Amino acid sequence: MRELIKQRRSITFFDESKELDESTIRELLTMAATAPSGYNLQPWKVIVVKDKKVKEELMQICYSQEKVLKASANIIILADTEGGISNAPRVFESFVELGYFTKEQAQNAIQSIERSWAEPQNALKKSIRDAALFAMNLMLSARALGLETHPMEGFDEKALRERFNIEQRFIPIMIVAVGYKDPSKELLPRAMRFSPEEFAVFI
Ligand SMILES: Cc1cc2nc3c(=O)[nH]c(=O)nc-3n(C[C@H](O)[C@H](O)[C@H](O)COP(=O)(O)O)c2cc1C
């Protein structure tokens, strides 16, 4: 695990000759979905873009970032601001089956979730936080499968929403390019990181 974390880099050069089959992408998404989320509500959705023509369009939306075209797939990660409320019944049905909650406790929890997610600021905060954990887990899962990734926030949100019919309830938080590194290219050393002395307070 230590090695895997050290190995993850934002890969700029993808090998465009390599394809990703659908079963590998499904495995990747299944692994990514083991990410933790508040009440296990999993308020995320993804759009997987593999088609070359669509990748070309997506590259334009991503301000001509070439990696979008060269990566085998691009995963558009959406935070679902209504996900807490819409996913709660299935998630709690499973909680009851698995013995986490009694039926009555589950009903009470769903009511409290509905109240909390009805507050737009809460829904935004909760869904973006959980979808970001999903995104990180996706990048580490990709590395575990021998794949490379590059997260991107550089995209025109309005154009992305229009092209992929993304409803208002969803917030596109990032696009993760996935594929294999071009072996002929070298990455620069990893960018600097602040040390715990600089960002941590020990109490
Ligand atoms: C949410 C997010 C958005 C990013 N957006 C872009 C982007 O649009 N274009 C880009 O070249 N890199 C982007 N990056 C990559 C960062 O620049 C990179 O993660 C950082 O420099 C550290 O490099 P490393 O991931 O190789 O350790 C993004 C990273 C994150 C987490």
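Q: What should I know about the model before reading it?
A: This is a predicted model, in which local features need pLDDT of at least 70, side-chain atom pairs count only at pLDDT 80 or more, and totals for chains, interfaces and linings use all residues. Residues are numbered from 1 along each chain as its sequence is written, and side-chain values use heavy atoms, with hydrogens and water left out.

Q: How many helices and strands are there in the protein?
A: Helices (H or I, at least four residues) and strands (E, at least two) are DSSP runs, numbered from the N terminus. The protein has 9 helices and 4 strands.

Q: Which residues of α3 are buried, and why do they line one face of the helix?
A: An α-helix has 3.6 residues a turn, so residues three or four places apart point the same way. Buried means under 20% relative accessible area, exposed over 50%, and partly exposed in between (1.4 Å probe, protein chains only). In α3, which covers residues 52-61, the buried residues are V54, K55, L58, M59 and I61. Seen down the axis of α3, they fall within an arc of 155°, taken from the directions from the helix axis to the C-beta atoms, so they line one face. K52 and K53, on the other side of α3, are exposed.

Q: What covers the buried residues of α3?
A: With contact meaning heavy atoms within 4.5 Å, the cover includes β1 (44-49), α4 (67-70), β2 (73-80), α8 (157-163) and β4 (170-179).

Q: Which residue follows α3?
A: Y63 follows α3, and its phi is positive, near 50°.
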